[in-house]
Amino acid sequence: MTSENSWYEAGARQRVAALLDPGSFAEFIGPEQREISPHLAIFDLPEQFDDGIIVGHGTLEGRRILVAAQEGRFMGGAFGEVHGAKLTGLLRAARTLGEPVLILFDTGGVRLQEANAGELAIAEIMRALVEARMAGVQVVGLIGGRAGCYGGGSLIAGCCSALIVSEQGRISVSGPEVIETNKGIEEFDSRDRALVWRTMGGKHRYLIGGADAFADDDVLAFREAALIVLAGNGRLDADVLEAEQQRLEHRLHRFGKAHDAIDIWTDIGVSEPTEIPGLATDEFLRRTTNKRETANGAR
Amino acid sequence: MRNWSTQKEALALRRYAGQRYACGKSVALDDLPQFLEAVLRPGDRVCLEGDNQKQADILAKALANLDPGKIHDLHMVQSGVVLPEHLDVFEKGVAKRLDFSYSGPQSTRIARMLSGGKIELGAVHTYLELFARYFIDLTPQVALIAAVSADRDGNLYTGPNTEDTPTVVEATSFKSGMVVAQVAEIVDKVPRVDIPGDLVHFVVDAKKPFYVEPLFTRDPGAITETQILTAMLAIKGLYAPYGVRRLNHGIGFNTAAIELLLPTYGEKLGLKGKICTHFALNPHPTLIPAIEAGWVEQIHSFGSEVGMDDYLSARSDIFFTGPDGSLRSNRAYCQVAGLYACDMFIGSTLQIDLQGHSSTVTTNRIAGFGGAPNMGSDSRGRRHPSEPWLKAGADADPNAAAGLRRGRKLVVQIGETFGEKNVPLFVEQLDALELADKLDLDLAPVMIYGDDVSHIITEDGIANLLLCRDNDEREQAIRGVAGYTDVGRARDRKMVERLRARGVIRRPEDLGIDPLDADRRMLAARSIKDLMLASGGLYQPPSQFRNW
C-alpha cells in the first residue's frame with residue numbers, strides 16, 4: 001500500500017524536510033521574499049511566492065548539501081524565468097562552494113506562458129550543472145513525483161551525475177500526449193497508462209540505464225539511496241563521455257527495433273518479463289540483478 | 001374479418017428473409033450487412049443495445065454502414081448514444097428519429113446534430129422511463145443486443161455486464177419483434193442462461209468481446225483535499241445523524257472519497273454497521289477497502305466494472321452472482337431499487353441554480369440523464385418506513401401529524417464551489433434553459449429538480465433545504481454554501497447567519513471538523529495499485545489506470 005511517507009504524495013517542502021537531517025534545511029530566496037514570475041499575471045494565472053521551486057542548503061547525515069525541489073502541483077512543476085534562475089544560482093553556488101547538490105525533479109518541462117525565458121533557463125541550468133560537475137561537484141537527481149521529469153527537466157536530469165527513480169517516476173523528453181499528437185495513436189496511445197509506465201516509468205528507466213538507483217516510493221527510501229549514490233565519485237571527463245557514447249550506440253543497436261519495453265526486458269534476460277510492472281521493489285531488484293544496463297555517470 | 005396476427009406474420013417474414021444468410025441461428029460476420037438489410041424495413045423502430053457501459057459495437061458498426069437507399073428512416077430507441085456509429089446512422093440517413101437516455105462522450109456532437117436538424121428528437125429520458133416506454137409506446141420491432149456467448153439454440157450468457165439486455169429482449173421478443181445478438185463466441189454450453197434461446201432469433205459471432213467502458217473507476221490518486229473535506233462533511237453531517245444504511249452513490253470523486261474514508265474516518269467515528277451497509281451501486285473499485293473492512297452487507301448493480309469480475313465472484317456474499325459464479329447485473333431492477341429501496345442518493349453535478357435545480361448540461365452539450373434522476377428523486381409511491389426517510393420527512397414538515405406525514409428521500413448534491421477548470425458550481429440560471437430555447441425543447445434538461453434536493457454539500461458546509469420554509473430561505477441557504485462564487489458573494493449575510501443559527505447551514509466547525517484534517521493520508525487507498533492490493537490481487541485494473 002502507499003507509504004505513509006510517500007514521495008509521490010508529498011509536496012516539495014515535505015520532501016525536503018523528510019529527506020535532509022531534521023531541522024537542517026535553510027531556504028534561499030524563500031516565499032517571504034515573494035520573488036514571483038513576472039509573466040503569469042499577463043495571462044491572468046495565479047502566481048506562487050516561491051515560483052514552484054525551493055532552493056537551499058542543509059545536511060545529510062551531517063554532510064553539508066545543497067538542494068532544489070520542484071513543486072509538481074504548481075503549474076506541473078514547469079520551468080519559468082524565476083524558477084529556472086533559482087536553480088541556476090544554486091548550481092553556480094555549488095561550484096563555488098564545492099558542495100554536492102540534490103535536485104528533486106517534478107516537472108512537465110517549460111511553461112508555455114514564459115517559453116523563451118524557460119528555454120533559456122534550461123540552457124543556463126545545463127551549463128551551470130556541467131560546470132559544477134567539471135569542478136568535481138556531484139549533482140544527483142531524484143525522480144518520483146506526480147509530474148514526472150519531462151521536457152527540459154529530462155535534459156537537465158540527463159546531465160546529472162546520477163539519478164534515483166521510483167516506480168512512479170517517469171523520465172522522457174516528450175510526454176505521452178506529445179508523442180500521440182505528433183505520431184498518431186497507433187504509435188503511442190497516451191491513455192494507456194500501463195504503456196506509458198513501461199516506456200517512461202522508473203522500472204524501465206532503471207533497467208536500461210536511464211537511472212542509476214531504484215527506490216521505493218518513500219521519502220526515507222530516497223534518502224537511503226541518495227546516501228549510497230553520494231558515496232560514489234560522479235566523475236565527468238572525456239573518458240566517461242566516450243564510454244557512455246559507446247554504451248548508447250550499443251544500446252540503440254541492440255534494442256532499436258524493439259516494439260515494447262517487454263521485448264527489451266526479455267532480451268536482457270529478465271525472467272517472466274510481463275510480471276515486471278506488478279512486482280514489489282525487493283522482488284523487482286532480485287529478478288533484475290546483474291541484468292540491467294548500467295550508465296557511466298553520463299546519460 | 002380483422003387479422004389479429006399481423007406482427008407475428010411480419011416477424012415470420014423477417015425470419016425467413018434473414019435465414020438466407022444464416023446457418024441455424026448463426027450469422028457469419030461477413031454476411032452481417034446483407035443480413036441486416038434483409039431483416040430490417042425502412043421506418044422500423046430499432047433498439048440498438050448500448051448504455052453508459054456495454055455496447056453492441058459490432059452491430060452498431062454494421063448498422064451505420066447500411067445503404068440508406070435500402071434502409072432509412074429508422075426510429076432508434078436506445079439507452080445510450082455513446083459510440084460514433086450511434087450518430088453516424090443519423091448522419092448517413094439510415095435513421096431519422098431518436099429516443100434515448102444517455103449520451104456522455106457524444107454530448108457535443110448530438111447537440112450539434114439536433115440543432116442542425118439531422119436528428120428528429122423524441123425525448124431525452126431517464127433509463128427507467130425509456131425502459132417503461134419499451135412496454136407502452138416505444139416497443140422495438142428489432143433489437144440488436146450484445147452478449148458474451150451463445151450456444152447453438154441461441155441461449156445467451158451475458159456475463160457480469162448483463163445490464164439492459166433482459167429488459168430489451170422482454171419488450172421486443174414477447175411483442176413479436178426480432179432479436180439479434182452479437183456474441184464473442186459460440187459454445188456448446190453457456191456458463192448460465194441469462195436469456196433463453198427461444199427469445200433470440202439470430203446470433204452473430206463477432207469473435208471479440210463487446211466494448212465496455214470503465215466508467216465507474218475513479219483513481220484515488222486524483223482525489224483532492226477539498227473533496228476529502230466534503231466527504232468528511234457528508235459522513236459526519238449527514239450519514240451519521242440520519243443513519244443512512246441504504247443508498248446510491250454517484251460516480252464523481254467526492255463520493256469516491258466518501259467510500260475511501262469509511263474504513264478510516266468512518267471507523268474513527270464509530271459508524272461501522274450504522275451507515276452504508278446496503279447499496280444500489282455499480283461495483284466501484286473505490287469501495288473495495290470498505291468491503292474488505294466489513295462495512296458493506298449487500299450491493300446490487302446496474303452493470304459490472306472493467307477489471308472487477310474476479311473480485312465480485314470471490315465476494316458472492318456481497319454481490320449478486322449466478323450459479324456459474326459471475327456477477328449478474330440488471331439495470332432496470334437496480335434503477336427500481338435505487339428509486340424505491342434507497343434512503344439516499346448522493347452525487348455531484350456541473351451546475352446548481354438558486355432553486356436547487358441541477359444540470360450536467362452546458363450550452364453545447366447534451367449529456368442526457370442516464371439513471372441519476374431515478375436515484376435522485378423522492379419516490380412518491382414509496383410506502384415502507386425507515387429511520388432516515390421518516391426523519392427527513394419530519395425535517396420538511398414538522399407540524400404534520402406523524403401518521404399522515406410522507407417520509408422524504410435524502411437527495412444530496414455534493415461538490416466544490418469551483419469545479420474543474422475553476423468553473424463555478426453555482427449559477428443564477430442553468431445553461432440548460434438556454435439550450436432548451438436554442439433547440440426548441442418543451443423541457444429544459446434538468447438532471448435533478450430543486451424540489452427533490454434535500455441537501456447541498458460544498459467545502460463551505462451543508463445546506464439542509466428540507467428545513468427551509470420559503471423560497472427566500474432556500475435561495476439564501478444555497479448562496480450560503482456557495483463560497484466565493486458570484487452566487488455565494490451575493491448572499492444576504494444576516495439571513496445566512498440566521499439560517500446557520502437554526503442549523504439550516506452547518507459549517508465544518510459547527511460539526512467539529514477542522515478543514516486542515518482533510519489530508520490524503522486519510523484515504524484507505526491512495527492509488528489504483530492500493531485498490532488492487534486491498535483486493536488481494538483480485539481486482540485487475542484496466543491498462544489505462546495502471547501507473548506502474
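Residues are numbered from 1 along each chain as its sequence is written, chains are lettered from A and ligands numbered from 1 in the order in which they are written, and side-chain values use heavy atoms, with hydrogens and water left out. In this predicted model local features need pLDDT of at least 70 and side-chain atom pairs count only at pLDDT 80 or more, whereas totals for chains, interfaces and linings use all residues.

**Interface**

Chain B places 17 residues in contact with 17 residues of chain A, contact meaning heavy atoms within 4.5 Å. The area buried between the two chains is about 1,600 Å², and carbon and sulfur atoms give 39% of it; buried area is the accessible area (1.4 Å probe) that two parts lose on being put together, summed over both. Of the area that chain B buries against chain A, 37% comes from B:Arg526, B:Asn547 and B:Trp548, more than from any other three residues.

Four salt bridges are counted between chain B and chain A, each a side-chain nitrogen of Lys or Arg within 4 Å of a carboxyl oxygen of Asp or Glu. The side chains of A:Glu167 and B:Lys529 form a salt bridge at 2.8 Å, N to O. On the side of chain B that touches chain A there are five nonpolar, five polar and seven charged residues. In this classification Ala, Val, Leu, Ile, Met, Phe, Trp, Tyr, Cys and Pro are nonpolar, Asp, Glu, Lys and Arg are charged, and the others, Gly among them, are polar.

**Cavities**

The whole structure holds two cavities of 30 Å³ or more. On a 1 Å grid over the protein atoms alone, a cavity is a set of points where a 1.4 Å probe fits but cannot get out, and lining residues have an atom within 4 Å of a point. Grid points are joined across faces, edges and corners, and a volume is the space filled by probe spheres set on the points.

| Cavity | Volume | Lining by class |
|---|---|---|
| Largest cavity | about 60 Å³ | five nonpolar, two polar, two charged |
| Second largest cavity | about 40 Å³ | three nonpolar, five polar, two charged |

The lining of the largest cavity includes A:Trp197, A:His204, A:Trp265 and B:Trp548. B:Trp548 is also one of the three residues named above for their share of the area that chain B buries. Among the residues lining the second largest cavity are B:Phe216, B:Arg218, B:Glu259 and B:His284.

Note on methods
On a 1 Å grid over the protein atoms alone, a cavity is a set of points where a 1.4 Å probe fits but cannot get out, and a pocket is an open set with protein on both sides within 12 Å along at least five of seven lines; lining residues have an atom within 4 Å of a point.
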